[in-house]
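Hi,

Here is the structure I promised to pass on.

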Amino acid sequence: MLKMINVSKTFYKGTANEKKALNHLNLTLEQGDFVTIIGSNGAGKSTLFNAVGGSFLIDSGAIILNGKNITTMPEYKRAYEIGRLMQDPMRGTAPSMTIEENLALAFTRKAKKSFFALNGTDSAYFRDVLSTLDLGLENRMKTKVKNLSGGQRQAVTLLMCTIASPKLLLLDEHTAALDPATAQRILQITTEIVSESKITTMMITHDIKAALALGNRTIMMDEGEIILDIKGEEREDMSLNKLMSYYSNKKHKEFSDDRILLS
Amino acid sequence: MTLITGSLQLGLLYGIMALGIYITFRILNLPDLTVDGSFALGMAVGAVVTITGHPVLALLLAMLAGSIAGLVTGLLQTKLSIHPILSGILVMTGLYTINLFIMGGRANLSVVGNETVFTLMERLIVQMGQAKTALALILSIGGALILSVIFKTRLGLAIRATGDNEDMVRSSSINADLTKCVGLSMGNAFVGLAGALICQYQMFSDVGSGSGMVVIGLASVIIGETVFGKRGVTIGLISAVAGSIIYRIIIAMALKIDLFPSYALKLISAVIVMVALSGPSIKGLMDQAKIRREVKNHLK
């Protein structure tokens, strides 16, 4: 359903800081895939999401979503099909608007045409959806989002990303800024929503244990390339230690390469 | 009495401009300096059309002209990525020439002897004697109510969200460039309308009358917020009009008791805005100084 063909992106081209963020990357996702993505800082994970989401245009290659070429489509148009959740809970919601208004805004893509953004039918639906979070937010729909905690805000953002049934969901370390208990809860809500609505999902995480436990496929990135792509039996057989050693081996090799270069 | 009536009328009419400024400064969170130009533009268009004998059409065309000016500023900001403040200044500067051109190269234009919406209204309700006030009230409160309805629609919600969190708007499949342009157009349409109304009210149009309008409008919005508090959009819009009335009354009183000469108006407006905007940080500095003193005393 998502196809990235030979995608490259270089930042600061022609300067000393030139950085190949994506290097001839190829990736194909099947309908309903839940892919976890791991890799060190600067491996190109977020760049991959930004390329799919349309924060910038890629230098070369093509991105196909559901048979449609979205390579040059502007960001806001892609958002019809792609829901995105960032690490910072402050980024995904409008702080001085109420929970209800935020949801209405996100629901615009799918809502029936109506003169006022807030109406009885939609509000009842929002209340139902909010109650699935089990955070008591269904009784606080008129509360401004800035008065919510980080975890609550992220939960609302998660709903906003999925309420209009996007084709693809991109989660960029969306629990990293939360305390462990809240992070656990948000992760739980995420898996519930994803398994229920069967949205194809990619999730970046630094929690390697979660990366193996959640979803059906795991990708490891490094230097803008996919260096490991496992699913099915191979993934079940993969232990934490094996994955770690695979990763450090790769890093170690590079390190010795560097040493050769410098000596 | 005439002092209060006069201030009320002026306050209500300039309140329409404050509505426009509330949209751009408060809702869109954009410092829009187009206003100085689009106010004079509304005045120029208003005067020229009023002279042809169409006072109502003059208001509508002034609104249209203002909205086009806002749209140009919006396009400079979004499509050409010129800094928001500079975009406003560029349009404002360009409009000076355009306004002179509209008025046929003259710096001011009198509409004395022509039918205006105010003379129309006076003939409509002869016995009341407060036709001007009534009309100003209907237009400004009507404008505030229409806007408060617009900001409850999906487009209105999207415009509010754009000023609140642009990132989120883009990822909610809303074209933030579009909502910004629409918001700036709406804001400047109201500014243009206010320009045309003031022209018909004082019976002349002057190319220089737009200067300082941003600050006066902002002062009104801030006074309104100080009195009524920062609450929802509907209350915000109405308090902008109320703030404009209070501003006019303060100015009229101060002029009446010869506190300062009439040319001091703009300095006073600037000072009001400065004081109001710096309030929170001055309070912060005072609190800090207090803590420092206490710590010092504690150490002794």
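Which residue just after α6(A) takes a positive phi? That would be K198(A), at about 55 degrees.

Before the rest, some housekeeping. This is a predicted model, so local features are given only at pLDDT of at least 70 and side-chain atom pairs count only at pLDDT 80 or more, while totals for chains, interfaces and linings use all residues. Residues are numbered from 1 along each chain as its sequence is written, and chains are lettered from A and ligands numbered from 1 in the order in which they are written.

**Chain A overall**

Chain A has nine helices and ten strands (DSSP runs numbered from the N terminus: H or I of at least four residues for helices, E of at least two for strands). Its C-alpha trace spans about 70 × 40 × 35 Å along the principal axes. For 263 residues, a compact globule would have a radius of gyration near 18 Å, and the 20 Å of chain A agrees with that (taken over C-alpha atoms; the rule is 2.2 Å times the number of residues to the power 0.38). Of those 263 residues, 38% count as buried. Buried here means 20 or more other C-beta atoms within 10 Å of the residue's own, exposed means 12 or fewer, and partly exposed is in between, with C-beta atoms placed from the backbone.

Counting contacts in chain A with a separation of 6 or more, 69% are between residues 24 or more positions apart. Two residues are in contact if their C-beta atoms, again placed from the backbone, lie within 7 Å.

**Helix α6 of chain A**

Back to the helix that K198(A) follows. α6(A) runs over residues 180-197, and its 18 residues reach 26 Å from first C-alpha to last, close to the 26 Å expected at 1.5 Å a residue (the expected span is 1.5 Å times one less than the number of residues). Its buried residues are I186(A), L187(A), T190(A), I193(A) and V194(A). They sit on the same side of α6(A), because they cover an arc of only 130 degrees around the axis (the arc of the directions from the helix axis to the C-beta atoms). On the face turned away from that buried side you will find the exposed residues A181(A), Q188(A) and E196(A). The cover over the buried residues includes β3 (34-38), α5 (150-162), β7 (168-172), β8 (200-204) and α7 (208-213) of chain A.

Another spot in chain A with a positive phi is E223(A), at about 50 degrees although it is not a glycine. E223(A) lies in the loop between β9 (217-222) and β10 (225-231), and it counts as partly exposed because it has 17 C-beta neighbours inside 10 Å.

**Where the chains meet**

Between the chains, 21 residues of chain A are in contact with 18 residues of chain B. On the chain A side, α2 (75-78) and α3 (99-107) are the elements that give two or more residues, and α3(A) has the largest share with four. By class, that side has twelve nonpolar, four polar and five charged residues (Ala, Val, Leu, Ile, Met, Phe, Trp, Tyr, Cys and Pro are nonpolar, Asp, Glu, Lys and Arg charged, and the others, Gly among them, polar).

From chain B, have a look at A176(B) in helix α9. A176(B) is buried, with 20 other C-beta atoms within 10 Å, and touches Y76(A) as well as T162(B), E166(B), V169(B) and R170(B), leaving out residues up to four places away in sequence.

**Chain B**

Chain B is divided into domain 1 (2-259) and domain 2 (267-300), with bounds from an automatic or database domain assignment. Eight residues of domain 1 are in contact with six of domain 2. Helix α10 (213-228) gives the most to the domain 1 side, with six residues.

α10(B) is largely enclosed by the rest of the structure, because twelve of its 16 residues are buried. Those buried residues pack against α1 (2-27), α2 (35-51), α11 (233-256) and α12 (265-299) of chain B. After α10(B) comes G229(B), with a positive phi near 85 degrees.

Cheers
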